[in-house]
Every structure is written in structure tokens, then in C-alpha cells.
Amino acid sequence: MHLSEWQRLADILVNYSTKIKKGDKVQITMMEADTFPLARAVYAEVIKAGGLPNIEFQSAYLERDLMLYGSDEQLDWVPDLQSFGMDWADAYIGLRGARNPHEFSSIPAQKIVAHKRAMGTISAMRNHVKHWVLVRVPNESFAQQAETSMDEMMSFFFNATLIDWEKESVRYGEIKEVYQNAESVRILGKNTDLRFSTRGRKYIVADGHFNMPDGEIFTSPIENSLEGKIYFEFPGVYAGQMAKGINLQFSSGKIVKATADTNEQLLNELINMDAGAQFIGEFGVGLNYGVDRFCSDILFDEKIGGTIHLAIGRGFEICNGTNHSSLHWDLIKDLRSEGKIFLDGKMVLQNGKYQV
């Protein structure tokens with residue numbers, strides 16, 4: 001089923017997203033068995049391109065076993081072969097399958113944080129790989145999570161990925177220039193009035209070279225510049241757990257108060273993971289209006305056209321960001337029904353639509 005679509009997507013991932021050439025070493029993560037059809041198609045495309053592919057297998061079930069039975073030493077362990085794979089690779093393609101979003105619901109928050117801190121080390125290494133792309137591959141569990149049918153989910157997925165990314169890149173680039181030419185950002189919305197500076201920081205266009213589906217621009221704001229408050233309409237999703245109704249308050253860039261209607265303990269555990277987790281590493285703007293629904297999955301949700309997101313923790317060196325953390329947790333704010341963005345005092349977005 002969907003064989004031709006998998007092949008078309010693999011062609012985009014290998015020949016557009018990561019631009020695999022002869023001799024390139026390519027690390028492919030196959031997370032969950034459901035990703036095998038795409039993993040096989042990607043493997044074949046890498047071979048056709050003359051690359052040297054290696055596939056590793058991961059699963060939320062295995063992570064659950066580690067957190068259930070592992071010692072503190074094992075939870076803090078950064079897997080040697082995974083870190084070696086990141087050092088070895090010229091390109092990384094992560095095929096992230098879905099599992100029951102509540103798989104870790106019975107795991108104590110401190111165990112989840114310890115394990116994810118170790119895995120955050122691997123994620124940080126990915127930023128030093130020449131080319132990388134992450135794909136969330138839907139399955140029935142994902143469709144249930146998004147509250148839709150499997151057929152509708154697959155149509156939604158392929159409609160959001162099998163598009164003319166060269167054309168999309170031009171449109172994103174035009175909006176990126178508007179942001180790049182400004183130094184101050186103000187976000188107004190429900191329970192929100194947040195200001196920060198991006199002076200000297202570089203905006204990046206995400207047009208299918210980082211995630212699939214893609215469709216955003218992002219930067220790392222000046223770390224100590226955030227002032228004000230922000231409310232997130234969508235829940236923060238971390239390791240299968242949801243923190244709903246998140247409110248953050250900032251002073252001199254630091255999160256000085258964090259509340260949530262649910263899972264507030266997890267929210268504060270994450271913010272206190274390390275010193276860098278108390279600051280913001282990313283400001284992003286969703287531009288893919290084909291991604292029109294919240295799926296409780298960041299690889300889709302941060303692309304929703306008419307939204308913005310802030311990532312608590314690790315920033316991007318490529319954007320001149322300086323914040324270091326094992327955490328990089330994106331939180332999505334919906335501006336489509338109530339929200340505005342001002343750049344240097346000029347309104348550029350109102351209720352999810354650009355005015356430029």
C-alpha cells in the first residue's frame with residue numbers, strides 16, 4: 001500500500017533533503033517497525049545515489065524497558081554506537097514511527113528526564129552532521145492520536161510532504177527576509193505579550209532539508225532578551241506526556257514562572273534539567289498551511305501555518321545561538337484566531353495571516 005508514495009518521498013529525502021552523493025556515509029534510524037516500507041525505499045535510493053547506508057533500529061518499547069528496569073547509571077548512559085553513528089555519518093535520515101503516546105505514562109518524571117537528557121546528547125550531535133532530515137511516519141497509533149482515520153491521516157501526510165519544495169522554498173524565503181531585516185519581535189495573543197530581540201541572529205528557512213513535512217523559519221533569539229508572558233493553546237508533548245495550559249513568564253530571558261493545568265511537575269522538572277533549560281533556544285514560525293491540524297507531534301505541529309513556537313533549552317549555533325542544554329522542547333502557540341506579530345513595531349501577521 002502506498003508503495004509509489006513511499007518511493008516518491010524517499011526520492012525527496014535522499015536527492016533533495018540530504019543531497020546524497022557517491023561515497024556519502026548515511027545513518028538511517030528506523031524507529032518502530034512501521035517505518036520499514038519507507039526505510040527500505042530510502043535505503044534503495046541511497047544505494048542508487050552511490051551512498052553507503054547503515055540502518056539502526058529504535059523503539060519506544062525499548063526505551064520503556066530501559067526506564068522501567070534501568071539503574072541511574074544506565075539511564076544516564078549515552079549509547080556508544082549511536083554517538084559513533086553520528087560522528088561517522090555525512091548525512092542522517094531519522095524515520096520516526098509512532099507508538100502509543102501514553103507509553104511512558106507510568107514512568108516517574110525524573111526517570112524520563114534522566115533518559116531524555118542522555119538522548120539529548122545524541123540529538124545535539126545531529127546538528128554537526130552535514131545534512132540531516134527527520135520524518136514522522138504515521139501509523140494507526142498516530143492516526144488515533146490525531147483523532148482521524150488511517151486513510152485520512154495518510155492522505156494528510158502525503159499531501160503535506162509530496163509537494164514542490166523548490167517552489168515552497170521561494171515563498172518561505174520571502175517571509176524570512178522580512179524577519180531577518182528586523183531586530184525586535186513582539187507577540188500578542190491570548191494571555192500573551194512577549195518581546196525579544198533577534199539582533200545579530202540568523203533566520204533559517206526550513207524547506208524540506210530538516211524535517212518532513214517541513215515549512216517554517218526559525219532562529220535563536222538573544223538569550224537574555226525575553227520579557228513578558230506567553231500562553232500556549234496547544235499542549236506541550238514530551239515523551240508521550242502532555243502538559244496542557246502552559247503559561248511562561250520571562251525576565252531578562254529567564255523563565256521565572258512556569259505553570260500548567262496538567263503535568264506541571266514535569267514542566268518544571270524539564271525547565272530545571274540544566275541551566276540552559278531555563279532559557280529559550282528557538283523562535284520559529286509555522287508556514288505550511290497544508291498542515292492545518294494539531295497532531296500532538298512536534299514534527300507536524302510546529303509547521304502549522306499561522307502558529308509560532310518557542311523551544312525551551314538548546315539553541316542553534318547555525319543561527320548564532322549560544323544557549324547550551326540537553327533539552328530542546330518546542331511549544332506551539334496558535335495565532336490563527338487571536339494573535340498578532342510585530343517586527344520593529346510593524347504588524348506583519350494578524351490572526352494567522354501575513355500582512356506582507
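Q: Let's start with a cysteine: how should I read Cys295, as buried or exposed?
A: Happy to begin there. Cys295 has 0% relative accessibility, so it counts as buried. Keep in mind that this is a predicted model.

Q: And what about Cys319, buried or exposed?
A: Cys319 also comes out at 0% relative accessibility and is therefore classed as buried.

Q: How many disulfides does the structure hold?
A: To call a disulfide, look for two cysteine sulfur atoms within 2.5 Å of each other. The count for this structure is zero.

Q: Let's move on to helices. How are two packed helices described?
A: The general idea is to give two values, the angle between the helix axes and the distance between those axes. Take H3 (residues 60–69) and H6 (residues 109–126) as a case: their axes come within 10 Å and cross at roughly 120 degrees. These two helices are therefore oblique to each other. As for handedness, the crossing of H3 over H6 is right-handed.

Q: Which residues make the contact between H3 and H6?
A: From H3 come Glu63, Leu66, Met67 and Leu68, and from H6 come Lys111, Ile112, His115 and Lys116.

Q: At what angle do H6 and H10 pack?
A: H6 and helix H10 (residues 264–271) pack at about 35 degrees, and their axes are 10 Å apart. H6 passes H10 in a right-handed crossing. On the H6 side the residues are Ala109, Gln110 and Val113, which meet Leu266, Glu269 and Leu270 of H10. The H6–H10 contact divides into four nonpolar residues, one polar and one charged.

Q: Now a loop residue: where is Phe316 found?
A: Phe316 sits in the loop that runs between strand S16 (307–313) and strand S17 (328–334).

Q: Is Phe316 buried or exposed?
A: The cut-off for buried is under 20% relative accessible area. Phe316 has a relative accessible area of 14%, so it is buried.

Q: Which residues is Phe316 in contact with, leaving aside neighbours within four places in sequence?
A: With those neighbours set aside, Phe316 contacts Phe218, Ser220, Gly281, Glu282, Gly321 and His328. For a sense of scale, Phe316 and Glu227 are 89 residues apart along the chain, and their C-alpha atoms are separated by 21 Å.

Q: What is phi of Asn191 near?
A: Asn191 has phi near 50 degrees, which is positive in a residue other than glycine. This asparagine, Asn191, is in the loop between strand S5 (184–189) and strand S6 (192–197). Its relative accessibility is 41%, so Asn191 counts as partly exposed.

Q: What about Ser296: where is it found?
A: Ser296 lies in the loop between strand S15 (280–286) and helix H11 (298–301). Although Ser296 is not a glycine, its phi is positive, at about 60 degrees. Ser296 counts as buried because its relative accessibility is 10%, whereas Asn191 is partly exposed.

Conventions
Residues are numbered from 1 along each chain as its sequence is written. This is a predicted model: local features need pLDDT of at least 70, side-chain atom pairs count only at pLDDT 80 or more; totals for chains, interfaces and linings use all residues. Side-chain values use heavy atoms; hydrogens and water are left out. Buried means under 20% relative accessible area, exposed over 50%, partly exposed in between (1.4 Å probe, protein chains only). Axes are lines fitted to C-alpha atoms, for helices over the stretch in contact, and angles run from 0 to 180 degrees between N-to-C directions. Helices (H or I, at least four residues) and strands (E, at least two) are DSSP runs, numbered from the N terminus. Angles under 35 degrees count as roughly parallel, over 145 as roughly antiparallel, 65 to 115 as roughly perpendicular and the rest as oblique. A crossing is left-handed if the near helix is turned anticlockwise from the far one by less than a right angle, and right-handed if clockwise. Contact means heavy atoms within 4.5 Å. Ala, Val, Leu, Ile, Met, Phe, Trp, Tyr, Cys and Pro count as nonpolar, Asp, Glu, Lys and Arg as charged, and the others, Gly among them, as polar.
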